[in-house]
Amino acid sequence: MYYGKKVILRSLELEDVEFITKNINDIEIRRTMGGMDPMSKEQEIQWIKNTWEWREKGSSYVFAVTTHDGKLIGTVSLFAVSQLHQHAELGIAIYPRENHNQGYGTDAIITMCGFGFLYKNLNSIWLKFFEFNENGRRAYEKAGFTNLSNERQAIYREGKHQDILRMDILKLEWMEKFPEYKLRPPT
Ligand SMILES: CC(C)(COP(=O)(O)OP(=O)(O)OC[C@H]1O[C@@H](n2cnc3c(N)ncnc32)[C@H](O)[C@@H]1OP(=O)(O)O)[C@@H](O)C(=O)NCCC(=O)NCCS
């Protein structure tokens with residue numbers, strides 16, 4: 001388990017499936033995420049099992065995000081991990097919506113980057129988000145992501161083509177900005 005200031009990152013378990021399936025089918029959560037199709041409980045069970053396999057292979061790391069008292073509030077991942085280039089893409093979802101804007105997303109991102117930089121020898125982490133995801137953009141900035149660029153009209157969502165934005169963070173930048181993140185339990 002990896003500790004941030006507000007969250008803990010741990011392995012996904014099969015008993016998480018009901019909570020994940022319910023929340024991932026909330027259109028207000030999904031509208032700022034990649035896919036929009038409804039997800040069944042069986043599909044989520046398979047996904048949870050896949051995360052264990054991907055972790056063993058070192059191709060993706062997907063963790064449950066919980067509060068310090070153990071309440072599940074989402075997932076965070078590093079995927080498309082390149083051993084050669086030592087980079088990966090970050091993905092995150094915090095839910096239900098009542099848990100937004102309380103700093104959980106930012107803390108989970110900083111902690112997941114720490115996992116990538118301190119334990120998986122990554123050199124850079126990047127992420128993509130939709131231009132209308134203001135909440136995400138602010139969280140990524142607070143988590144130290146910079147170097148904004150855009151792919152014009154790259155996503156068709158809510159009836160129109162919209163830009164996908166990209167930001168990244170280097171290991172050195174993370175080390176400088178978040179030296180207090182050791183990922184260990186608070187003492
Ligand atoms: C994106 C997401 C992970 C952010 O998590 P979070 O826990 O809400 O983030 P935080 O609370 O750490 O930070 C959010 C910031 O955005 C700000 N914010 C919220 N709505 C905003 C808006 N419309 N415009 C500008 N800033 C906004 C908040 O005030 C907060 O900043 P502050 O701490 O300076 O006040 C979360 O909203 C989420 O899971 N959304 C649905 C799925 C998703 O979009 N995933 C990412 C796909 S790329």
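**Figure 1. Threonine 66 and its contacts in the predicted model.** This view comes from a predicted model. Threonine 66 touches Val7, Ile8, Arg10, Lys71, Leu72 and Ile73, leaving out residues up to four places away in sequence. The residue sits in strand 3, which spans residues 61–67. The C-alpha atoms of threonine 66 and valine 7 are 5.4 Å apart. Along the chain, 59 residues separate this pair.

**Figure 2. Valine 65 and its surroundings.** Valine 65 touches Val7, Leu9, Ile73, Gly74, Thr75, Val76, Ile94, Tyr104 and Ala108. Residues up to four places away in sequence are not counted here. Val65 is also one of the members of the largest nonpolar core that touch the most other members.

**Figure 3. The largest nonpolar core.** This core holds 42 residues. Which of them touch the most other members? They are Leu9, Val65, Ala108, Ile109, Met112 and Cys113. Several strands each supply at least two residues of this core: strand 2 (7–11), strand 3 (61–67), strand 4 (72–82), strand 5 (87–94), strand 6 (124–130) and strand 8 (160–170). Helix 4 (104–119) and helix 5 (134–142) also supply at least two residues each. Helix 4 gives the most, with eight residues.

**Figure 4. Helix 4 against helix 5.** Two packed helices are described by the angle between their axes and the distance between the axes. For helix 4 and helix 5, the axes come within 9 Å and cross at roughly 45°. The two helices are therefore oblique to each other. Helix 4 passes helix 5 in a right-handed crossing. Which residues make the contact? Helix 4 brings Gly105, Thr106 and Ile109. Helix 5 brings Ala139, Tyr140 and Lys142. By type, the residues of this contact divide into three nonpolar, two polar and one charged. Ile109 of helix 4 takes part in this contact, and Ile109 is also among the core residues that touch the most other members.

**Figure 5. Helix 1 against helix 3.** Helix 1 covers residues 17–24 and helix 3 covers residues 41–57. They pack at an angle of about 120°, with axes 9 Å apart. Helix 1 and helix 3 are therefore oblique to each other. The crossing of helix 1 past helix 3 is right-handed.

**Figure 6. Arginine 30 in helix 2.** Arginine 30 lies in helix 2, residues 27–30. Leaving aside neighbours within four places in sequence, arginine 30 is in contact with Ile24 and Met36. The C-alpha atoms of arginine 30 and alanine 93 are separated by 8.8 Å. These two residues are 63 residues apart along the chain. How many other C-beta atoms lie within 10 Å of arginine 30? The count is 18, so arginine 30 is partly exposed.

**Figure 7. The cis peptide bond at proline 96.** A cis peptide bond joins tyrosine 95 and proline 96. Omega is about -10°. Where is proline 96? The residue is placed in the loop between strand 5 and helix 4.

**Figure 8. Asparagine 147, a positive phi in a strand.** Phi of asparagine 147 is near 65°, a positive value in a residue other than glycine. Asparagine 147 belongs to strand 7, residues 146–157. Asparagine 147 counts as exposed, because 12 C-beta neighbours lie inside 10 Å and the exposed class takes 12 or fewer. Contacts of asparagine 147 are with Met167 and Asp168, not counting residues up to four places away in sequence. The C-alpha atoms of asparagine 147 and arginine 166 are separated by 7.8 Å. This pair is 19 residues apart along the chain.

**Figure 9. Leucine 183, a positive phi after helix 6.** Leucine 183 has a positive phi of about 70° although it is not a glycine. The residue lies in the segment after helix 6 (171–177). Leucine 183 has 17 other C-beta atoms within 10 Å, so leucine 183 is partly exposed.

Definitions and conventions. Residues numbered from 1 in each chain as written. Predicted model: local features only at pLDDT ≥ 70, side-chain atom pairs only at ≥ 80, totals over all residues. Axes fitted to C-alpha atoms, helices over the stretch in contact; angles between N-to-C directions. Helix = DSSP H or I, 4+ residues; strand = E, 2+ residues; numbered from the N terminus. Parallel < 35°, antiparallel > 145°, perpendicular 65-115°, else oblique. Left-handed = near helix turned anticlockwise from the far one by under 90°. Core = buried A, V, L, I, M, F, W, Y, C linked by C-beta atoms within 7 Å. Buried ≥ 20, exposed ≤ 12 C-beta atoms within 10 Å, placed from the backbone. Contact = placed C-beta atoms within 7 Å. Nonpolar A, V, L, I, M, F, W, Y, C, P; charged D, E, K, R; others polar.
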